[in-house]
Each structure stands twice: as C-alpha cells, then as structure tokens.
Amino acid sequence: MGGSGSRFESASKASRIGHNPINEAQFLEKHTDIVRYLVNIDGRRIASAGDDGTVCIWDTLTGQCLKQLKGHGLRITGMLSLLCGSERILATGSADKTVRLWSVDSDSPPQPSTHARDTHACTEAEGEDSGEDTPSNCCRHVLSGHTGSITCLYAMDNETLCSGGNDSMIYLWRVRDGTAITRIERQEEENLHCLLPIANNSLVTGSNSSFLYVYDIKTSKHQVLAYHRESVRCLVSISDTQFASASLDGAIVVWHAQNLTPIKTLTYPEQYLDGTTKAFLFSVRKLVLLSKRYIAAAFGNGFKIFDISTRECILSEANCHEGPVTDLIPLYDCRRLVTCSVNGCIRIWGIEQQHPVPALTNVPDPKQAPLTSSMKRNVRAVCFGEMWCHADAVNSLLYMSPSAFASCSHDGTVVLWKDGRVQSQLRLRMARMWQEMHEHDTTLTASPSGGDGAHTSMAPHEATSGPLVPPPAGVSTHSDRVAKPVVPASTGVPVPEYILDYALMLRDEKNFSVEQVRECMQEMGHSESIIKALLLKL
C-alpha cells in the first residue's frame with residue numbers, strides 16, 4: 001500500500017445488462033491509512049486525503065503523485081479546493097484542531113503571516129509553526145482557534161472560508177492572509193456534520209441533533225428548524241431561494257431559504273428503524289443535485305432520484321448494494337449513475353425502456369435516455385456493471401469528466417476509473433499528434449535554407465522517427481535537438497491541424513482551461529507565435 005507505482009486492470013467484473021463502458025482502473029498508492037476525501041483541483045489534478053494526515057496531489061492522465069502535503073499532526077477530517085485570485089488553494093481541516101491552507105501551484109517557501117491577531121483571539125497563521133512544513137509543502141497558513149476536530153469546510157466565495165466541527169464555534173476566515181473575519185458560537189452541543197450558506201447572509205447547520213440551526217453571520221442570532229426525527233447528515237443548495245436537508249430517518253425536506261419554512265417533503269418514512277437491530281433502514285448519506293429540477297439521494301442500501309417540482313420519485317433501486325450506499329455521482333451527462341458502498345463494490349446504473357424518450361438535458365447521444373426520464377414512461381433502474389478493485393469500504397466518489405471518475409477507500413488506495421474507448425481515442429490522438437509534430441519539424445529543418453540550393457544537413461540520429469508518446473519529464477529525445485525554425489510573430493501565423501486538434505481535445509475532453517492549454521503547448525516546445533494564433537482559435 002505504500003508503493004508509488006500504478007497498474008491497469010480490467011475493471012468490469014460483472015454486467016447484468018448492456019455494456020459497462022468504465023473498463024480501465026488505475027491504482028494510485030501513496031497513502032498509508034484510510035483515504036476519505038477527494039477533490040478536484042483543475043482539469044488534470046485531483047487531491048486525496050485521509051487518516052494518515054497527508055494530502056496527495058495526483059496527475060489524472062498519468063497517475064503520477066505530483067506532490068505530498070504534510071503538516072497535520074492527526075487525521076484529516078475535511079478538505080476543499082478553491083481559487084484565490086490566480087492561486088489554487090487547498091484547505092484541509094484536521095483532528096489536530098487546525099485548518100491549513102496550501103498553495104498547490106507553487107513550490108516557494110511559506111512566508112510567515114504579518115497580520116495582527118484577530119480580535120476574537122484567533123492565533124496567527126504561520127506556515128512554519130509546526131516544524132514539519134518544507135518548501136515543497138507550500139503551507140501558506142495554519143488557522144487556529146477551534147478546540148475540536150474540524151469536520152466541515154465550505155467556501156463562501158473564493159476569498160472567504162467557513163469552518164466548523166466538534167466544538168462550539170464556527171469561524172469565517174479570509175483566505176488571502178489567514179485571518180479570522182468573525183466567529184459564531186453554536187447553540188447546539190452536538191458534533192457538526194454539515195453546514196451551508198443560504199440567503200440573507202445566513203448559515204444553516206446539521207449535526208447529531210434532529211434540529212437545523214440557522215445563524216445570522218453578522219449578529220450571530222439563531223433560529224431552530226424542526227422537522228427531522230434523527231441526526232441531519234446532508235445539506236444541499238437547490239437555488240437562491242431553496243435548499244434541501246436529509247437525515248438518518250430517511251426524511252428529505254425542501255426548505256424556503258428566505259423565510260425558513262418547509263416547502264415540501266420528498267420522502268418521510270414512517271418506520272425507519274429495524275425492529276430487531278434498531279439500525280436505520282433508510283439513512284441518507286449523500287444528496288446530489290442533478291439539476292435545479294432533479295435531486296439524487298443515497299437512500300439506505302439503494303438510491304432514489306426525485307423531481308423536486310412534483311415531489312415524484314422518478315427512478316429508484318431499493319437494494320443496489322449489500323450494504324449502505326456511501327456516495328453517488330452522475331456520469332455521461334446524467335445518463336448513468338455510479339454508486340458505491342461499505343462492501344467495497346462500485347456499480348454503474350442506467351435505465352431500461354421499450355422506446356427511446358426525449359432527453360430532458362442537453363446530451364450528445366439521443367439514442368440513450370437520461371436518468372431523469374419520467375417514470376410515467378415505464379422505465380426502471382438497471383445495473384450495467386460492477387467494479388471491484390477496493391478491498392474495503394468505498395468512502396467517496398469524485399466526478400472527473402463525463403466518462404471518468406475517482407474513488408477512495410478504507411484500504412488506503414485511490415482508483416481512477418475511465419472509459420476504455422474514450423481513453424483509446426485519446427491515446428491514438430496523442431500518438432498521431434506527436435508523430436505528425438516530429439515529421440513536421442523534421443521537414444521544416446531539412447527544407448532549403450538559401451537560393452544557392454544548399455540545405456541543412458542532419459545527422460543520422462536526427463532523421464530517425466520521434467516518439468509516438470510524450471517522453472518522460474526530463475528525458476531528451478532526438479527531435480529535441482533538431483533546430484526549429486523561427487516564425488515571426490504575426491496574427492496570420494498558420495496553426496497546423498494536428499496542433500489544433502490536440503488543443504481542442506485538451507479543452508473539450510480533458511476540461512483544460514486556456515491557460516493550461518498554453519502551458520502544455522509551451523512544454524511541447526511550440527513557438528509563442530504558434531501558441532498565440534492557436535489560442536485565438538480556441
């Protein structure tokens with residue numbers, strides 16, 4: 001489990017109907033304990049964290065561990081990613097009662113904070129206070145003030161972070177310098193499970209209590225909302241005027257965000273405890289908003305998808321796993337749903353029907369119906385395949401692209417799951433791009449250089465074929481030594497078709513930003529004039 005290598009295997013163990021397209025699995029092994037959290041950093045990098053107190057940054061294309069962030073003295077209990085200005089920041093909360101802010105884009109040494117201490121007695125955030133941070137860890141600030149484990153982190157915006165946990169306080173922090181903006185004293189004594197900013201500058205919290213507490217950020221005054229019968233575990237924003245809450249008793253309630261009244265219940269089981277074991281039969285562990293109209297819930301050992309406007313359950317599977325469902329995510333523009341469970345299994349779901357139905361969302365393939373097709377059209381949930389790679393409970397799933405996702409587990413591993421057909425197309429396009437780029441550069445280098453018929457000669461090793469795949473970082477190739485012609489800067493510089501195709505693939509299929517495409521093209525050695533003309537086309 002402590003190795004750094006990655007391996008590929010066939011991911012589909014069984015298929016009940018149709019074809020499971022997710023058939024590539026890549027194991028990422030760096031953690032030494034349970035991995036509980038996954039977050040996206042950008043279109044190419046993800047972060048994982050868990051009980052070993054370490055954050056690992058991964059390249060999702062290669063599976064390489066790019067960086068390990070160490071500094072927390074105990075297990076990490078919460079993590080999120082945000083963009084502060086132009087700097088990508090990871091925020092982690094821990095059982096060591098601190099929040100750390102990490103810069104994942106820079107290897108510069110952390111600079112001590114120079115701001116004055118907060119009037120609420122929050123300590124200064126310094127990246128060097130623990131003695132464990134190194135320049136490669138990029139810890140910008142350590143936020144102290146909590147007296148218990150931090151279990152909830154939420155980005156109010158890219159400049160403000162909210163934290164709460166197993167103590168009596170909620171803090172709002174300024175991300176830029178790590179100072180505490182304000183703190184709110186919680187009125188419920190129970191441990192915090194979730195928090196959510198809502199309208200009127202308010203925060204709603206869910207805890208071991210069956211009540212929801214709503215706090216005014218400016219005045220710290222609070223209101224209590226009663227509807228649930230057991231601990232509230234999930235909060236999700238539906239719109240500016242609505243949010244939903246879910247609890248261990250299987251109740252899912254939609255609330256008005258401004259006047260704080262319940263609008264409707266999507267489900268409210270009367271009998272929610274097992275008569276013998278007293279276990280919760282329909283505990284809701286995850287709510288996922290599919291659109292402003294549809295919401296999905298991990299419901300006991302199965303899942304449900306609701307039409308929020310009509311309260312109708314349009315798709316459900318009561319026993320899709322042998323244990324409680326811990327997470328779920330949509331794939332393929334809501335045409336597939338992926339679920340995971342405490343038994344270590346991951347399954348992919350779709351719908352079966354007699355005739356195609358019109359799509360309710362903008363999707364590329366009209367032959368497949370989205371999961372949000374109405375139950376009135378006689379559809380049912382169908383398992384398209386099982387994926388077994390983890391040896392223990394799967395804790396979290398992370399959407400990476402319409403055809404790829406990641407999972408993490410009690411077994412200490414992270415697995416990248418990908419559509420083999422899509423990945424084969426990407427590899428073929430990359431191979432074609434590198435081959436054509438080498439042939440293009442070789443042709444330009446060997447072209448006549450003057451009117452006397454002279455031409456540039458090449459050594460035998462320079463005339464051989466270049467690599468069909470990108471060489472490892474730091475490894476030179478023969479084509480690296482071929483002198484590239486200097487192209488004058490001009491808006492009329494032609495962009496070779498293979499370069500444009502590759503850039504479009506990065507943008508459309510790998511979700512690269514324009515700046516990431518620029519960096520990739522620079523790493524490949526293209527001239528600034530070519531890159532400038534290329535970016536204009538994007």
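This is a predicted model: local features need pLDDT of at least 70, side-chain atom pairs count only at pLDDT 80 or more; totals for chains, interfaces and linings use all residues.

Reader: Let's begin with Asp 51: what makes it buried?

Author: Buried means under 20% relative accessible area. Asp 51 has 18%, so it gets the label. Asp 51 sits in the loop between strand E5 (45-50) and strand E6 (54-59). Not counting residues up to four places away in sequence, Asp 51 touches Asp 33, Ile 34, Arg 36 and Arg 75.

Reader: And why is the link between the side chains of Asp 51 and Arg 36 called a polar contact?

Author: The cut-off is a pair of N or O atoms within 3.5 Å. The two side chains make their contact at 2.8 Å, and because the limit is 3.5 Å, the label applies.

Reader: How do you know that E5 and E6 count as paired?

Author: Two strands pair if there are at least two bridges between them. E5 and E6 have 5 bridges and run antiparallel. Ala 47, for example, stands opposite Ile 57 in E6. The two strands form a hairpin with 3 residues between them, and Gly 53 in that turn has a positive phi of about 75°.

Reader: What does E6 do on its other pairing, with strand E7 (residues 65-70)?

Author: That pairing is antiparallel too, over 5 bridges. Ile 57 stands opposite Lys 67 in E7. This hairpin has 5 residues between the strands, and Gly 63 takes a positive phi near 80°.

Reader: What makes E6 "largely enclosed"?

Author: The count does: 6 of the 6 residues are buried, so the rest of the structure largely encloses E6. Both faces are covered, with Thr 54, Cys 56 and Trp 58 buried on one side and Val 55, Ile 57 and Asp 59 buried on the other.

Reader: Why does strand E16 (residues 192-198) get the "largely enclosed" wording?

Author: In E16, 5 of the 7 residues are buried, so the wording applies there. E16 pairs with strand E17 (residues 202-207) in the antiparallel sense over 6 bridges, and Cys 194 has Gly 206 in E17 as its bridge partner. These two strands form a hairpin with 3 residues between them, where Asn 200 in the turn has a positive phi of about 65°.

Reader: On to the sheet with the order E8-E9-E10-E11. What makes strand E8 (76-84) and strand E11 (139-144) edge strands?

Author: The sheet is open, has 4 strands and pairs antiparallel. E8 and E11 are the edges: each pairs on one side only. The twist averages 20° from one strand to the next. E8 pairs with strand E9 (residues 87-94) over 8 bridges, in the antiparallel sense, and there Cys 84 has Glu 87 as its bridge partner.

Reader: Now the rings. How many aromatic pairs are there, and why is the pair of Tyr 227 and Tyr 268 given the type it has?

Author: A search of the whole structure finds 9 aromatic pairs. For Tyr 227 and Tyr 268 the ring centres are 5.7 Å apart and the planes are at 90°, so the pair is edge-to-face. The cut-offs are centres within 6.5 Å and planes over 60 degrees apart. The two residues are 41 residues apart in the chain.

Reader: What about the rings of Phe 405 and Trp 417: stacked or edge-to-face?

Author: Their centres are 6.0 Å apart and their planes are at 15°, so the pair is stacked; the cut-off for that is planes under 30 degrees apart. Phe 405 belongs to strand E33 (residues 404-409) and Trp 417 to strand E34 (residues 414-419). Both residues are buried.

Reader: Last one: which charged end sits over the ring of Tyr 268, and how far from its centre?

Author: The charged end of Arg 229 does, at 3.9 Å. The distance limit is 6 Å. Tyr 268 also belongs to one aromatic cluster with Tyr 227, Phe 243 and Trp 255.

How values were computed:
Residues are numbered from 1 along each chain as its sequence is written. Side-chain values use heavy atoms; hydrogens and water are left out. Buried means under 20% relative accessible area, exposed over 50%, partly exposed in between (1.4 Å probe, protein chains only). A polar contact is a pair of N or O atoms within 3.5 Å; within protein, one must be able to donate a hydrogen and the other to accept it, and residues adjacent in sequence count only if both atoms are side-chain atoms. Contact means heavy atoms within 4.5 Å. Axes are lines fitted to C-alpha atoms, for helices over the stretch in contact, and angles run from 0 to 180 degrees between N-to-C directions. A charge sits over a ring if NZ of Lys or CZ of Arg is within 6 Å of the ring centre and within 35 degrees of the ring normal.
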